Amino acid sequence: NFKWFSVFCLILFFISIFLTFVRGIWISIFFSALIMSFVISYKKTITIVLVTLLLSFIAYFSWPTFKLRVDSTNIASASNMERINLFKLNIQIWKEYPLLGIGYGENLRRNREYWDKPEWNMPGDYITSHAHNQYLNVLATTGVFGFSFFLCFFSYFLIKNLKMLKNEKRNISFRYALIFGCMWAQLEFIFACLTDVTFEYAKIRALYLFIWALLIAIERYSDTMIDESNIRGDKIAS
């Protein structure tokens, strides 16, 4: 029953993500699922790839909305050119303020100031937005100094999660499922940060911070169980 309930929840999850038509999340979930499926079985990975390609092929030729969303991925489209220009602009900002950045949120507030410069000379109604890349956005706003701390937090919990996954026996236990799920969520989030400032949306950041908190809770629970086991062992020995 638990397995079937898990499958049902997973199907609902993928349907909800699919219907958002957010291409960056499609890509991040696909690649993170690919990596985590390798942990389970390379044969299942091949199956996932084939099924995904088949479903995408069917959706592309039978669902106009999906086809339009995929076709708009063309790098020459207006919306994508806007993102490319914003990406280049934030690289320029980082080069001008390499150590401490321009200031948190200032790349967005001073966007128009840059568009008016001769090297850009953009029209007055041109888009003003962030970098659409979490890592570049942190670099542009907080510089190398802030970016190093940002990477420290990400790396610390990712490495911790990886160690916990390696140390845990591969079985169908609830604890292993939690650790595995945390690893998948972290990988997906890292990929998602390549296409948007995901960490800066409070409703998304809260979910990611919950993953970090869950890892700490699992680790401390294990330490508590070990301590209690040692105490019981000492009592028996005495």
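Q: Leaving aside neighbours within four places in sequence, which residues is Leu165 in contact with?
A: Met36, Tyr176, Ile179, Phe180 and Met183, where contact means heavy atoms within 4.5 Å. This is a predicted model, so local features need pLDDT of at least 70, side-chain atom pairs count only at pLDDT 80 or more, and totals for chains, interfaces and linings use all residues. Residues are numbered from 1 along each chain as its sequence is written, and side-chain values use heavy atoms, with hydrogens and water left out.

Q: Ok, and which residues touch the most other members of the largest nonpolar core?
A: Phe150, Phe154, Leu165 and Phe199, out of 25 residues. Such a core is a set of buried Ala, Val, Leu, Ile, Met, Phe, Trp, Tyr and Cys residues joined through side-chain atoms within 4.5 Å. Buried means under 20% relative accessible area, exposed over 50%, partly exposed in between (1.4 Å probe, protein chains only).

Q: Which elements give two or more residues to this core?
A: α8 (134-167), α9 (174-192) and α10 (202-237). Helices here are DSSP runs (H or I, at least four residues), numbered from the N terminus. The largest share, nine residues, is from α8.

Q: Is Cys193 buried or exposed?
A: Cys193 is buried, at 0% relative accessible area. Cys9 is partly exposed, at 34%.
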